[in-house]
Amino acid sequence: MKKSRVFIVALLMFVTLGAGILSAQGQAESAKKPVLTVWMKKQFVENQNVEFEKRVREFAKNNDVDVVVELIAYEDFFPKWTAAIQSNVLPDLCYFGYQEVGQFYQQGLLMDVTDVLKKVEGKYGKIYQSSKDAVTFDGKTYAFPVWGEGTGLYYRKDLLSAAGYQAPPKTWTEFKEIAKAVTNSSKGVYGAGLGYGAGNSDAEFLTRSMMFAFGGSIFDANKNLAFDTPENRAAFNYIISLFREGLTPPTAIGWNDGGNNSAYISGQVAMTFNTGSIVNALGSNPDLKAKTGVALLPGGPAGQYTVGIANNMGIFKNATNKDLAIALMEYLYEPTWYAKWIEAGAPLGLPVYEALASSSIWDNEYFRPFMDSMKTFKYLGYKGDYTPNAGKIYNMRLINTMFESIIAANVPLDQAIKTFVEEAKQLIE
C-alpha cells in the first residue's frame, strides 16, 4: 500500500508538473501572437465607435492575433503622430485626414496602397475617384479612403419665413441679404453664423469654399501661390463686411470648431455652416429640428463649391504588421458592414462607395444635401491638385490668423494679405 501511495503521489506530481509546463508553453505561445495596433479617429456618434472596435476585435479573433484599438480625438492625434514617428514605435493601421496623408507622404513615411485599393474595388465596388484623388500623389495612392464629410447650410425656416423668405439663399449675395433681414441684435439673434478662432478647422474649410465661389483660390492650376487676386479680395471684403455690419455674434471672432454648433443650437444664429454634426445633435431637440432646414452652400460668380473633407486609414512604411493591417482594412471595407457603419453616423459621414450614394437613407431633407455636396467637392490645393504644401498651409490655420488680425486687430487688408503670402512661402520653402 505504501508503494502504491508513493506511486500515486509521484504520478500526481508528474501530471501537475506536466500541466504547468504545458500551461507555460501555452502562455509563451500566446505571448508570441502578433499585436495589431489600430489608431482611429473618435467618431461624433458613439455607436460608430462601438461598432468599429467590435469589428476590429472580430478580425483579431478570426486571425488569432491580439489587438490594441485606440479611439483618438482629432486634435490629440498630432502629438501622438509626432511621438510615434520620432520613436519609430508606430501603429499598424492609422487614421489620417488627407492633409496629413500629404504631409507624411512628402516625408516618405507612408506605404503605397495603390494595388490593395484596386483589389478592394475589384472585389467590392467602385470608390469615388475624388476620394482617391485626395490621397494620390505622382500616380500612387498612399491611404485608404474611408469616409467623406460634406458641409451644408443650416437655416431656421421659421426665422427666414418671418422675414419674408420661403427658401434658403442660393448665392452669397442672397445670404447676406437674408442675414441682414433676420438679424436682431437686441434679441441676441444674428443672421450669419460664421466665426474665426485659433484652431478653427471649420472656418478654414468654409473660407476656401467662399473664395472658390468668388473665383479665387490660394493656388493656381500650376500649384503656385496665387493669393493676392481681385477674386480673393472680393471674397475677403465680403466676409469682412459680415462682421463689420454686425451680422455675426460678437463672440464669433473667437470661436473654436464647436462655436457655430453651439450658436445655432442655442438660437443665437439663424444660419450657419457645418458637417452633419448639427443634424446628429438635433436628434435630442425635435422642436428645433422641425424649424431647421439644410441646403447646399451658396454659390458665387464662379459657381458652387464645397471644400471636401476626406478621412482615411493608412499604413506607415515602418509599421510592424503591414500585412495584417492590409487584411484588416479589407475586412473593414466589406460592403454590408461598411454600409451599416456609415448609416449609424449619417449624415456626418459620407460613403466612399459610389453605389451607396443611392441608398434610401439619404432620401430625406436633412441628409440629401450632404450627399449632394460631394458633387461640388474641391480639395485643398485647388485650382490645382491637392499637394502637401496646401496641407501645410491648412494645418497652420493661416486663413484664421489673417481674419482674426483684420477683424479683431483692425490690420489693413493689404497688410494681412502680405503677411499671409510671406508665411505661406516660408512653409513651402
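In this tour, a residue counts as buried if its relative accessible area is under 20%, as exposed if that area is over 50%, and as partly exposed in between (1.4 Å probe, protein chains only). Keep that in mind for the stops ahead.

**Before you start**

You are looking at a predicted model, in which local features need pLDDT of at least 70 and side-chain atom pairs count only at pLDDT 80 or more, while totals for chains, interfaces and linings use all residues. Residues are numbered from 1 along each chain as its sequence is written, and side-chain values use heavy atoms, with hydrogens and water left out.

**Stop 1: colour by confidence**

Colour the chain by pLDDT, the predictor's confidence in each residue, from 0 to 100. The chain averages a pLDDT of 92, and 93% of the residues score at least 70. Now select residues 1-30: here the pLDDT is below 50, and beyond near neighbours in sequence this stretch has one contact in the model (contact means heavy atoms within 4.5 Å). Where pLDDT is low, the predicted coordinates should not be read in detail.

**Stop 2**

Switch to a cartoon view. Helices (H or I, at least four residues) and strands (E, at least two) are DSSP runs, numbered from the N terminus. Two strands pair if DSSP finds at least two bridges between them.

In what order do the five strands of the open sheet lie? The order is β2-β1-β3-β12-β6, and the pairing is mixed. Select β2 (66-72) and β6 (144-149) to see the edge strands, each of which pairs on one side only. On average, neighbouring strands of this sheet are turned by 20° against each other, direction ignored. For such angles, axes are lines fitted to C-alpha atoms, for helices over the stretch in contact, and angles run from 0 to 180 degrees between N-to-C directions.

Zoom in on β1 (residues 35-41), which runs parallel to β2 and is joined to it by seven bridges. Val35 stands opposite Asp66 in β2, and Thr37 has Val68 in β2 as its bridge partner.

**Stop 2**

Select α4, which lies across β3 (93-97) and β12 (309-314) and runs at about 110° to β3. Which residues of α4 (residues 98-106) are buried? They are Tyr98, Gln99, Glu100, Val101, Gly102 and Phe104. After α4 comes Gly108, whose phi is positive, near 75°.

Next, pick helix α15 (residues 335-345), which lies across β1 and β6, running at about 30° to β6.

**Stop 3: aromatic pairs**

Show the side chains of Phe, Tyr and Trp. Their rings (for Trp, the six-membered ring) pair if their centres lie within 6.5 Å; planes under 30 degrees apart count as stacked, over 60 as edge-to-face and the rest as tilted. The whole structure holds 42 aromatic pairs.

Phe77 and Tyr95 form a tilted pair, 5.4 Å centre to centre with 40° between the planes. Phe77 lies in helix α3 (residues 74-87) and Tyr95 in strand β3, so the pair ties together parts that are 18 residues apart in sequence. Both Phe77 and Tyr95 are buried.

Now select Trp81 and Phe96, a stacked pair at 5.7 Å centre to centre with 20° between the planes. Trp81 is in helix α3 and Phe96 in strand β3, 15 residues apart. Trp81 is buried, and so is Phe96.

**Stop 4: the four-stranded sheet**

Another open sheet has the order β8-β9-β7-β10, with mixed pairing. Its edge strands are β8 (190-193) and β10 (292-295). Four bridges join β7 (residues 152-156) to β10, and these two run antiparallel; look for Tyr155 opposite Gly293 in β10.

**Stop 5: backbone details**

Select Ala346 and Pro347: the peptide bond between them is cis, with omega near 5°. Another cis peptide bond joins Tyr382 and Lys383, with omega about 25°.

Asp138 is not a glycine, yet its phi is about 55°.
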